[in-house]
Amino acid sequence: MTEQRTIMFAGSPLNRLSWLRTSHTFLNAIIVSPKSRWILFKSGNPLTTKTPDSEEGKGKPQSQIAYLTTANVRPFIGEPPYFGQGRVSGLLTPEEQVTATEAVRHRGSPIVFLGLHENENGNREREGSGGALPSSDFIDADKAVAKLDGTPYFAMDIADMELDPVDEPGVGIEKVLEECAAENGIESKLEWLDARSVMTNASLFDGSIFAEGRSMVDWNSRNKFCPGCGSKQHSLWGGWKLGCSTLMPWADNTGRTKPCPSGKGLHNFTHPRSDPVVIMLAVDETGEKILLGQNNRFKGQFYSALAGFIEPGETFEDAVKREMWEEAGVKAWDVQYHSGQPWPFPASLMCGFYARADSTKPVRIDLDNELADARWFTRAEVMSVLTHATGSYLDLAKLAESSQQLNKDANEPPFRVPPTTAIAGVLIKDWAEGKVRFPVFEVGKEGTGVKGNL
């Protein structure tokens with residue numbers, strides 16, 4: 001329907017080297033590399049640095065992702081070996097690994113290897129250039145370490161850490177970070193930023209690193225016990241797999257009547273998941289109107305595309321049609337895919353669609369009562385908002401507060417829509433600017449009577 005573009009959180013530039021995640025030799029070698037960089041999280045919120053907004057170094061400070069070195073994070077990662085930890089502290093697991101100990105980390109908080117940025121210069125201005133492909137230089141662990149040419153990235157959430165040594169009471173995470181910054185020449189102020197605020201001013205490069213890191217540390221943090229038997233779990237594969245403690249070679253399973261079912265086959269609770277969500281705009285029979293909804297939780301004259309999770313036994317097209325009917329009482333057809341966006345809150349994949357619907361039929365919001373309002377907007381109405389200085393809005397937490405003032409000022413827009421850092425904003429803007437075109441249908445003849453061409 002239109003040329004796809006890279007959107008915030010997408011277009012990862014990293015070669016994830018997934019086939020080397022099982023190698024503790026590779027992971028232990030690159031983790032100590034001076035080239036390695038870390039993104040730290042605290043309950044899902046990233047560590048950032050404050051920098052001036054303007055070229056002159058004045059104005060409102062902005063937050064940027066803080067990329068730390070391994071030297072910066074040593075207080076958080078424990079003692080080596082960091083991966084392939086044996087039964088006794090300080091020892092590796094045997095080279096002849098079994099499935100339950102592949103790059104195992106059962107002491108300390110999980111560490112996630114995000115991948116390798118193969119561009120040695122690490123050019124952040126290369127907005128989401130992506131395209132990293134598996135390289136023949138990385139066939140096995142030894143060759144990977146010998147030919148390492150790039151920046152390895154790691155992520156870690158340190159919210160659950162206890163950093164209060166007996167001989168130094170009161171030493172906390174913030175103090176350790178301040179000391180690390182001072183020792184390693186980090187002059188900018190370090191602070192934890194609300195995760196959803198990252199997309200406000202992050203580059204596409206930073207956004208993609210953040211998205212992968214946040215989704216993965218969240219998955220590791222929230223799955224501490226095995227869904228198969230309830231035992232404690234540990235990290236494998238550089239943070240990309242979880243293992244049940246009962247499967248360890250040295251586990252004491254006395255009294256167990258049967259082994260944990262996670263030891264056989266593939267399980268979606270062993271490997272990370274992405275939850276697919278459909279987000280869609282209904283375009284009317286003329287192609288000149290779209291249907292937008294106002295969510296009950298985020299009113300404040302904020303209108304967006306409709307959305308919902310895909311349910312078991314559904315295709316994308318089925319989910320689009322079901323959600324359009326449940327939320328707005330609108331019968332949709334001719335579902336067309338536009339583009340996708342990883343959404344790391346915590347691990348969704350937003351799949352954007354357009355669909356056709358009849359704007360002459362009544363709109364209903366009384367079926368699932370998820371929306372406070374839903375109505376058709378003309379292209380002129382939407383363009384008046386998109387061209388307004390404050391027409392795009394993202395901070396949902398402030399929507400209720402801002403709704404008290406909205407429309408009291410003649411300079412305010414009549415309503416607001418998401419910015420183009422969110423896929424809903426991209427769908428709305430592409431339609432409004434005519435970047436996607438739709439055939440004209442005869443009213444009342446669903447899916448027939450085409451008067452134009454795509």
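Ala, Val, Leu, Ile, Met, Phe, Trp, Tyr, Cys and Pro count as nonpolar, Asp, Glu, Lys and Arg as charged, and the others, Gly among them, as polar.

First, some ground rules. This is a predicted model, where local features need pLDDT of at least 70 and side-chain atom pairs count only at pLDDT 80 or more, while totals for chains, interfaces and linings use all residues. Residues are numbered from 1 along each chain as its sequence is written, and side-chain values use heavy atoms, with hydrogens and water left out.

Now the overview. The protein chain has ten helices and 14 strands; these are DSSP runs numbered from the N terminus, with helices being H or I of at least four residues and strands being E of at least two. Of its 454 residues, 47% count as buried. Here buried means under 20% relative accessible area, exposed means over 50%, and partly exposed is in between, using a 1.4 Å probe and protein chains only. Among contacts with a separation of 6 or more, 70% come from residues 24 or more positions apart, a contact being heavy atoms within 4.5 Å.

On to the pocket. The second largest pocket has a volume of about 690 Å³. How do we find such a thing? Rolling a probe the size of a water molecule over the atoms shows where empty space is left. In detail, we use a 1 Å grid over the protein atoms alone: a pocket is an open set of points where a 1.4 Å probe fits, with protein on both sides within 12 Å along at least five of seven lines, and lining residues have an atom within 4 Å of a point. Grid points are joined across faces, edges and corners, and the volume is the space filled by probe spheres set on the points.

Which residues are closest to the centre of this pocket? They are His-106, Gly-108, Ser-109, Pro-110 and Lys-232, out of 29 lining residues. Helix 2 (70-77), helix 6 and strand 7 (233-236) are the elements giving two or more residues to that lining. By type, the lining has twelve nonpolar, eleven polar and six charged residues.

Helix 6 brings us to the core. A nonpolar core is a set of buried Ala, Val, Leu, Ile, Met, Phe, Trp, Tyr and Cys residues joined through side-chain atoms within 4.5 Å. The largest one has 55 residues, and Phe-210, Leu-292 and Trp-431 touch the most other members. Helix 6 (residues 204-222) gives the most to this core, with eight residues. Leaving aside residues up to four places away in sequence, Phe-210 touches Phe-9, Ile-39, Phe-41, Pro-46, Ile-65, Ala-195, Val-198, Pro-344 and Phe-345. Another core, of 30 residues, lies apart from the largest one and includes Leu-17, Leu-40, Leu-68 and Leu-148.

Let's follow Trp-431 to helix 10. How many of the ten residues of helix 10 (residues 423-432) are buried? Nine are, so the helix is mostly covered. Trp-431 is among the buried ones, as are Ile-423 and Asp-430. The cover includes strand 9 (275-283), strand 10 (289-295), strand 12 (333-343), strand 13 (348-356), strand 14 (371-378) and helix 8 (379-386). After helix 10 comes Gly-434, with a positive phi near 75 degrees.

Next, charges. A search of the whole structure finds 14 salt bridges, each a side-chain nitrogen of Lys or Arg within 4 Å of a carboxyl oxygen of Asp or Glu. One network links Glu-311, Glu-314, Arg-322, Glu-323 and Glu-326. Arg-322 pairs with Glu-323 at 3.1 Å, N to O, and with Glu-326, again with closest N and O atoms 3.1 Å apart. Why can Arg-322 and Glu-326 be said to sit about one helical turn apart? Because they are four residues apart in helix 7 (residues 316-328). Arg-322 is buried at 16% relative accessible area, whereas Glu-326 is partly exposed at 27%. Elsewhere, Asp-366 forms a salt bridge with Arg-364; Asp-366 is partly exposed at 45%, and Arg-364 is partly exposed at 35%.

Finally, two threonines. Thr-151 is in strand 5 (residues 151-157) and is buried at 12% relative accessibility. Thr-151 lies 121 residues from Ile-30 in sequence and 9.4 Å from it in space, C-alpha to C-alpha. Thr-270, in the loop between strand 8 (241-244) and strand 9, is buried at 6%. The residues touched by Thr-270 include Trp-219, Trp-240 and Ser-262.

Thanks, everyone!
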